[in-house]
Amino acid sequence: MTDGSQFDSLAELYIDFSELPFRRHLEFPSVLELVGPVDGLRVLDLGCGSGVYARKLANDGAATVVGLDESAGMLDYALKREAEQHLGITYVPGTLPAELRGSFDLVLAVYVLPYARDYSELLALCQAAADALRPGGRLLTLPLHPTMRTDPNYYERYGLRLTSSGPLDDAVPVDLNLRFGRHDAHVTPYFWTAATLERALVEAGFTSIIWHPHRAAKADDVDAAFVQPYLDAPHAAIIEAIKAPPQA
């Protein structure tokens with residue numbers, strides 16, 4: 001569906017990435033507030049990577065957590081953590097088994113849609129999320145923000161640099177330089193306009209599409225001067241959508 005191999009050697013980087021202040025003070029609070037209580041829910045972490053969100057959801061009480069990813073290196077790391085922590089998370093490579101389709105209350109797809117290289121791959125990712133959900137189930141997904149800043153230095157304080165190969169439009173590749181601490185790595189996501197993202201979601205069977213803003217955590221150690229530029233122009237959007245019920 002997409003090229004997961006560019007992440008095979010980056011599991012430890014993504015674990016360290018999850019400790020960056022912008023994720024702890026902005027992304028995680030925003031996403032988890034929208035997720036809400038997960039007690040008793042069946043949750044799929046689509047594109048789970050090293051399992052950061054899967055572990056958060058399991059620790060928060062989800063009844064079932066499944067992590068799905070195409071990167072063997074990422075899944076190897078996630079499986080090692082599961083063997084140590086015994087959280088009850090199931091990790092699955094590649095595509096979701098048929099017996100699990102239509103069974104989830106929530107699909108979380110963080111930084112997944114940007115790795116669709118063309119519209120057919122974007123639609124396939126949206127369809128994979130829809131196929132996993134029961135009717136009325138929710139998707140929360142984080143693509144590149146349609147109004148993200150193109151100045152490569154704008155997000156440098158947050159541990160990343162984004163450089164576009166041209167004017168931002170559908171399927172334009174973006175160089176994402178993850179540069180913080182001891183890390184300096186490049187991956188290639190793709191930009192998608194708001195109209196095209198919504199078109200793909202609707203074609204996949206979603207309705208009630210909502211674009212949510214990021215919110216800063218309410219904590220004493222949150223530096224307003226640090227978080228405000230990101231709140232003004234986040235590099236990622238947060239989209240919520242509902243799987244439509246079957247037509248009578």
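A: The lining of the largest pocket has 25 nonpolar, ten polar and seven charged residues. The model is a predicted one. In it, the largest pocket has a volume of about 770 Å³. Its lining counts 42 residues. Nearest the centre of the pocket lie Leu46, Gly47, Cys48, Asp69 and Val112.

The largest share, four residues, comes from H5.

Four of its five residues are buried, so the rest of the structure largely encloses S1. From S1 the chain passes through helix H3 (residues 52–59) to S2, in a right-handed β-α-β crossover. S1 and S2 (residues 64–69) run parallel and are joined by five bridges.

Go back to Leu46. This residue is among those nearest the pocket centre. Leu46 also lines the largest cavity. The structure holds one cavity of 30 Å³ or more. The volume of the largest cavity is about 30 Å³. Along with Leu46, its lining consists of Ala109, Leu113, Leu125, Cys126, Ala129, Leu139 and Thr141. By class, that makes seven nonpolar residues, one polar and no charged.

Helix H5 (119–132) and strand S5 (133–142) each supply at least two residues of the cavity lining. H5 gives the largest share, three residues. Recall that H5 also gives the largest share of the pocket lining.

Next, the cysteines. Cys48 is among the residues nearest the pocket centre, and Cys126 belongs to the cavity lining. Are they buried or exposed? Cys48 has 7% relative accessibility, so this residue counts as buried. Cys126 has 2%, so Cys126 counts as buried as well. How far is the sulfur of Cys48 from the closest cysteine sulfur? The distance is 18 Å, to Cys126, and that is too far for a bond. A disulfide needs the two sulfur atoms within 2.5 Å. By this rule the count of disulfides is zero.

Most residues other than glycine have a negative phi. His86 is not a glycine, yet its phi is positive, about 55 degrees. His86 sits in the loop between helix H4 (72–85) and strand S3 (90–93). With a relative accessible area of 63%, His86 is exposed.

Ala171 also has a positive phi, near 70 degrees. Look for Ala171 in the loop between strand S6 (160–164) and S7. Ala171 is partly exposed, at a relative accessible area of 28%.

How values were computed: Residues numbered from 1 in each chain as written. Predicted model: local features only at pLDDT ≥ 70, side-chain atom pairs only at ≥ 80, totals over all residues. Heavy atoms only, no water. 1 Å grid on protein atoms, 1.4 Å probe; cavity = no way out; pocket = protein on both sides within 12 Å on 5 of 7 lines; lining within 4 Å. Points joined across faces, edges and corners; volume = space filled by probe spheres on them. Nonpolar A, V, L, I, M, F, W, Y, C, P; charged D, E, K, R; others polar. Buried < 20%, exposed > 50% of the residue type's maximum accessible area, 1.4 Å probe, protein only. Pairing = 2+ DSSP bridges. Right-handed = clockwise from strand over helix to strand, strands pointing away.
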